[in-house]
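This report describes a protein model, starting with the chain as a whole and then turning to a helix contact and a group of aromatic residues. Please look at the sequence and structure before reading on.

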Amino acid sequence: MTDSVPALKASRFIKPTLETPYHIDFDWWDKADRNLRVYLKSHLCTLHREMYAEASADTPIDWVDSYTAEVQRIDGILYQLRTHCSQQPDYITNDTSVVDAVFRVFLVNDNQPMSPRELAERIGKDPELILKTISGKTVYKGLRPVVEGAG
Ligand SMILES: [Zn+2]
């Protein structure tokens with residue numbers, strides 16, 4: 001008896017390359033009962049981390065999607081990340097881990113898919129290192145290749 005996540009069917013497995021588009025698979029967070037909010041908080045700047053330290057109250061905020069112009073309700077933490085914390089100089093530094101840095105890029109770009117090569121340019125790390133980190137058997141923080149739809 002294990003509670004492991006079912007493996008992907010072999011036929012759907014694609015070997016990721018430097019050009020494979022990745023994104024945050026939020027289903028991964030939902031399915032495994034992981035706490036996305038706790039992880040989101042770790043990306044806040046010092047100021048907002050203190051602000052949300054004991055805030056249990058969820059304050060959804062209307063967010064206008066920059067691509068579709070649709071208004072969606074998003075978490076207050078995500079709103080602060082996009083509008084404030086990501087603008088701080090220490091949002092992504094040399095000391096930020098590969099997984100965290102990649103996640104932070106997707107948090108603020110509306111989760112638009114990017115390849116390891118594109119991510120490397122954004123976060124200033126080696127593309128091969130990024131690929132190796134996010135293409136292994138273990139899925140880190142929901143970072144997964146975008147599964148191509150039929151057609
Ligand atoms: Zn902030």
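Of the 151 residues of the protein, 36% count as buried. The model is a predicted one. Its accessible surface comes to about 9,900 Å², and carbon and sulfur atoms hold 52% of that surface.

The protein has seven helices and four strands. Read from the N terminus, these elements follow the order β-α-α-α-β-β-α-α-α-α-β. Among contacts with a separation of 6 or more, 64% are between residues 24 or more positions apart.

**Helix 5 and helix 6**

Helix 5 covers residues 98–108 and helix 6 covers residues 116–123. The axes of helix 5 and helix 6 are 10 Å apart, and the two helices pack at an angle of about 95°. Because angles of 65 to 115 degrees count as roughly perpendicular, helix 5 is roughly perpendicular to helix 6.

Which residues of helix 5 and helix 6 meet? On the side of helix 5 they are A101, V102, V105 and F106, and on the side of helix 6 they are L119, R122 and I123. The residues of this contact comprise six nonpolar, no polar and one charged.

**Aromatic residues**

The count of aromatic pairs comes to four. Two of these pairs, both with F103 as a partner, are listed here.

| Pair | Centre to centre | Angle between planes | Arrangement |
|---|---|---|---|
| W29 and F103 | 6.2 Å | 65° | edge-to-face |
| Y39 and F103 | 4.7 Å | 75° | edge-to-face |

Where do the partners lie in the chain? W29 is in helix 1 (residues 26–31) and F103 is in helix 5, so this pair ties together parts that are 74 residues apart in sequence. Y39 belongs to helix 2 (residues 36–41), so its pair with F103 in helix 5 ties together parts that are 64 residues apart in sequence.

Are these residues buried or exposed? W29 and F103 are both buried. A residue counts as buried under 20% relative accessible area. F103 has a relative accessibility of 0%, so F103 counts as buried. Y39 has a relative accessibility of 9%, and therefore Y39 counts as buried too.

W29, Y39 and F103, together with W28, form one aromatic cluster.

Conventions. Residues are numbered from 1 along each chain as its sequence is written. This is a predicted model: local features need pLDDT of at least 70, side-chain atom pairs count only at pLDDT 80 or more; totals for chains, interfaces and linings use all residues. Side-chain values use heavy atoms; hydrogens and water are left out. Buried means under 20% relative accessible area, exposed over 50%, partly exposed in between (1.4 Å probe, protein chains only). Contact means heavy atoms within 4.5 Å. Accessible areas come from the Shrake-Rupley method with a 1.4 Å probe; for residues, only the protein chains shown count as cover. Axes are lines fitted to C-alpha atoms, for helices over the stretch in contact, and angles run from 0 to 180 degrees between N-to-C directions. Angles under 35 degrees count as roughly parallel, over 145 as roughly antiparallel, 65 to 115 as roughly perpendicular and the rest as oblique. Ala, Val, Leu, Ile, Met, Phe, Trp, Tyr, Cys and Pro count as nonpolar, Asp, Glu, Lys and Arg as charged, and the others, Gly among them, as polar. Rings of Phe, Tyr and Trp (its six-membered ring) pair if their centres lie within 6.5 Å; planes under 30 degrees apart count as stacked, over 60 as edge-to-face and the rest as tilted.
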